[in-house]
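Please examine the sequence and the three-dimensional structure shown below before reading on. The explanation is intended for a reader who meets them for the first time.

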Amino acid sequence: SKTRHYTFNIVTSNVTRLCKTKSIVSVNGKLPGPRIVAREGDQVLVKVVNNVTNNITLHWHGIRQLRSGWADGPAYVTQCPIQTGQSYTYNFTITGQRGTLFWHAHISWLRATLYGPIIILPRRNESYPFKKPYKEVPIIFGEWWNADPEAVINQALQTGAGPNVSDAYTINGFPGILYNCSANDTYRLKVKPGKTYMLRIINAALNDELFFSIANHSLTIVEADAVYVKPFETDVLFITPGQTTNVLLKTKPYYPNATFIMAARPYSTGQGTFDNSTAAGLLEYEHPSQISVNKTNAAVMPTLPTIMATGFVTNFTKKFRGLNNSKFTANVPQTVDRRFYFTVGLGSSPCPKNTTCQGPNGTKFAASVNNISFALPATALLQAYYFKKSNGIYSTDFPANPPNPFNYTGTPPNNTFVSTGTHLVVLPFNTSVELVLQDTSILGAENHPLHLHGYNFFVVGEGFGNYDPNNDPAKFNLVDPVERNTIGVPTGGWVAIRFLADNPGVWFMHCHFDVHTSWGLRMAWIVLDGPLASQKLPPPPSDLPQC
Ligand code: C2O
């Protein structure tokens, strides 16, 4: 294994999209940002130099960070921000993972323009559990605002209202031909006939789950969140923010000069306003020499599910199965030490005196886990924990259950109003955890993409309506559940996950819709050191930023 060095200069640069030029915060002037390419087992060092006026942190989404929690990146959770003129070197080793992940800013909404792929190749002497593709191509979805995304979220938090939606979705940074004034701003993938391409698909959009399809082509899913899965074929892919997936695309034997549209547009069950536009890229066949050129082929549009296609999402999500190959996959915890039941969803908080709030019924939008809207401290939780200075920073009494029993069929609990605080759960090393996440639907049902830092978890069950602790566990899949780091909690339903708490540190868990994270749909776990030296979190690096 090798050490890979990267320098990420955070700079402002001018970018033109939808006919407007504006200044954005970027890494090395690139949108999307640069790729990290490494092999399983490699050490990665990324020196991040902050040359902008914003505070910055970067997160290596899905990287397990085994005993390297100081490099995880969420602001005020594992580190204080890198301030203007400062730098910090993220230092981690990729252990037991191969596939596609991504990196993104983890402070406020800066990930709107600070994101890029992480490509983890198998070890040198190892191959894929499928035929080696002819070429590998990252496909990364994003969202574009004509306004400054920082102004959008700051205004929303001040007024209590929902933030303005984005102006476009993007594929590899480009909105594509379906938007005004964007014909030249279109991602083009040139392919040869009769080959297998591997698309490394990443949803880096801020607030939207997406459907994706390529006209006249099907996709074979082989990996999710940097874990191989049992391959399955689909015409349409569904992917939440925070999820990544590798798919094989077989090109047709002959398609002289033909062009097909690849398109991404949202799945949304929320009542609010959303951007329901469509990002497009082009799959262009090269002209094979043996066939005469026919220039008249117009691009074909794929068929995508409707915006509220919950049936499609449910069926698609259930198709994911672990590969169950001990060479590549971990064991599903068969027994459980601690059970948690968390309600997740939107609520509101009272409007401060002398303010007019534009949220529901004159309140402020808020979001919560077990009715607590998580407040980030002014220092980093991991430092407070490590140096035993938690006093006044956080408490360790996060409830294992919601304050009011949740019930869809009876009278909904009167917990529209959330409380605010910094409460954490403490888990002894190697605790086997089962967590049921239930969508509260109090202010409308919605699919919430929940992401856990520092771990992959197994998705052992899901359903609609109330989770039933007496009958649902009997139906759990403890044989070949998919292992991932982000899962959509079904709209008006629940999902059950299991993980083994074998990575000491402080680990954030939150909805990967940035607007919900900003409103407080987030919490954190403390996983204690184990007895052995190899089970302890090492001290912080000397350049760790201070608050
Ligand atoms: Cu990709 Cu905490 O996030």
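The paragraphs that follow treat confidence, domains, sheets and a few individual residues in turn.

The structure is a predicted model, in which local features need pLDDT of at least 70 and side-chain atom pairs count only at pLDDT 80 or more, while totals for chains, interfaces and linings use all residues. Residues are numbered from 1 along each chain as its sequence is written. The pLDDT, which is the predictor's confidence in each residue on a scale from 0 to 100, averages 94 over the protein, and 96% of the residues score at least 70. The model scores ipTM 0.99 and pTM 0.96. One stretch calls for caution: over residues 289–296 the pLDDT stays under 50. For this stretch the model has eight contacts beyond four places in sequence, two residues being in contact if their C-beta atoms, placed from the backbone, lie within 7 Å.

The protein is divided into domain 1 (1–126), domain 2 (128–320) and domain 3 (338–535), with bounds that come from an automatic or database domain assignment. Between domain 1 and domain 3, the C-alpha centres are 25 Å apart. Their contact involves 15 residues from domain 1 and 17 residues from domain 3. On the side of domain 1 that touches domain 3, seven residues are nonpolar, five polar and three charged. In this division, Ala, Val, Leu, Ile, Met, Phe, Trp, Tyr, Cys and Pro count as nonpolar, Asp, Glu, Lys and Arg as charged, and the others, Gly among them, as polar.

The sheets come next. Strands of a sheet pair through backbone hydrogen bonds, either parallel or antiparallel. Strands (E, at least two residues) and helices (H or I, at least four) are DSSP runs, numbered from the N terminus, and two strands pair if DSSP finds at least two bridges between them. An open sheet of four strands has the order E2-E1-E4-E6, with mixed pairing. Strand E2 (20–27) and strand E6 (87–93) are at its edges and have a single partner strand each, so one side of each is left without a neighbour in the sheet. On average, neighbouring strands of this sheet are turned by 25° against each other, direction ignored; the axes are lines fitted to C-alpha atoms, for helices over the stretch in contact, and angles run from 0 to 180 degrees between N-to-C directions. Within the sheet, strand E4 (residues 43–50) pairs with E6 in the antiparallel sense over seven bridges, and Lys47 stands opposite Thr89 in E6.

Strand E12 (residues 196–203) has two pairings to follow. With strand E9 (residues 135–144), E12 pairs in the parallel sense over seven bridges, and Lys135 has Tyr197 in E12 as its bridge partner. With strand E17 (residues 244–250), E12 runs antiparallel, joined by seven bridges; here Met198 has Leu248 in E17 as its bridge partner. Six of the eight residues of E12 are buried, a residue being buried if 20 or more other C-beta atoms lie within 10 Å of its own, exposed if 12 or fewer, and partly exposed in between, with C-beta atoms placed from the backbone.

Another open sheet contains five strands in the order E11-E19-E18-E13-E16, again with mixed pairing. Its edges are strand E11 (187–191) and strand E16 (236–239), each with a single partner strand, so one side of each is left without a neighbour in the sheet. Its neighbouring strands are turned by 20° against each other on average, direction ignored. Strand E18 (residues 259–267) and strand E19 (residues 279–285) run antiparallel and are joined by six bridges. Ile261 has Leu282 in E19 as its bridge partner.

Some individual residues complete the account. Pro32 is placed in the loop between E2 and strand E3 (36–39), and the peptide bond from Leu31 to Pro32 is cis, with omega near -15°. Asn354, in the loop between strand E20 (338–349) and strand E21 (364–369), has a positive phi near 60° and is exposed, with 5 other C-beta atoms within 10 Å. Asn371, in the loop between E21 and strand E22 (372–374), has a positive phi near 70°, but counts as buried, with 23 C-beta neighbours inside 10 Å.

Gly99, in strand E7 (residues 99–105), also counts as buried, with 25 C-beta neighbours inside 10 Å. Its contacts beyond four places in sequence are with Ile120, Glu223, Ala226, Val227 and Asn246.
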